[in-house]
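Good morning, and thank you for making time. Please look at the entry now on display.

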Amino acid sequence: MHSFLRRLLGAAKLRAAVYEEVEADERAFTQALIVVALSSAAMSIGAVGRIGIAGLLMATVTGFIGWALWSALTYYIGARLLPTPSTEANWGQLLRTTGFAMSPGLIGVLGVLPALRGMIVYVAFLWILIASVVAVRQALDYRSTGRALVVCVVGWAIYAGLLLALFSVK
């Protein structure tokens with residue numbers, strides 16, 4: 001448990017060494033699942049207040065699906081379309097690092113406070129994006145943060161487009 005908490009806090013603090021550690025540790029997948037579940041639940045509670053057990057389960061399932069899809073897109077874009085000579089990665093490494101990049105979402109639960117509701121969700125999303133850039137940079141062995149940022153933004157844009165297309169179908 002101590003290792004998990006250290007990793008959780010280190011990921012939220014954007015510590016590259018933690019992302020390298022998680023990338024290399026295949027056993028960290030379960031921990032990444034826990035981070036995604038907790039973050040998804042916290043963000044949902046903070047965004048809408050009391051959502052009940054069914055809402056928490058739906059938020060968690062949606063969080064897992066979104067994480068897997070975005071990580072797959074990011075892996076394809078970063079490792080297949082925009083690799084560097086030093087890029088050596090697999091989808092599992094991306095899943096572990098991007099799972100831990102969701103750790104800032106835990107602050108989303110503070111959205112239950114009416115004065116913080118709107119602001120905290122935006123802060124958490126921005127923090128998650130920044131953490132994702134660090135996670136992708138480390139998982140794809142990029143030397144450039146700018147390249148990781150491009151991969152993340154392109155991946156998020158495609159992911160958002162897919163969601164819009166999915167939910168706009170009547």
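I shall begin with the basis of the model, then turn to the patch and the backbone.

The model is predicted: local features need pLDDT of at least 70, side-chain atom pairs count only at pLDDT 80 or more, and totals for chains, interfaces and linings use all residues. Residues are numbered from 1 along each chain as its sequence is written, and side-chain values use heavy atoms, with hydrogens and water left out.

First, the surface. L69, Y76, L81, L82, V150, V154, I158 and L162 form a nonpolar patch with about 650 Å² of accessible area together. Such patches take residues with over 30% relative accessible area and no salt bridge, joining nonpolar side chains (Val, Leu, Ile, Met, Phe, Trp, Tyr) within 5 Å; a salt bridge is a side-chain nitrogen of Lys or Arg within 4 Å of a carboxyl oxygen of Asp or Glu. Areas come from the Shrake-Rupley method with a 1.4 Å probe, and for residues only the protein chains shown count as cover.

Helix 4 (52-81) and helix 7 (145-168) each supply at least two patch residues, and helix 7 gives the most, with 4. Helices are DSSP runs (H or I, at least four residues), numbered from the N terminus. V150 lies in helix 7. Why does V150 count as partly exposed? Because its relative accessibility is 45%, and the partly exposed class lies between buried (under 20%) and exposed (over 50%).

Second, the backbone. Most residues other than glycine have a negative phi. L14, however, has a positive phi of about 65°; L14 sits in the loop between helix 1 (2-12) and helix 2 (16-24). D141 likewise has a positive phi, of about 55°, and belongs to the loop between helix 6 (117-139) and helix 7. At 24% relative accessibility, D141 is partly exposed.

Methods
Patches are made of residues with over 30% relative accessible area and no salt bridge: like charges are joined within 9 Å, nonpolar side chains (Val, Leu, Ile, Met, Phe, Trp, Tyr) within 5 Å. Buried means under 20% relative accessible area, exposed over 50%, partly exposed in between (1.4 Å probe, protein chains only).
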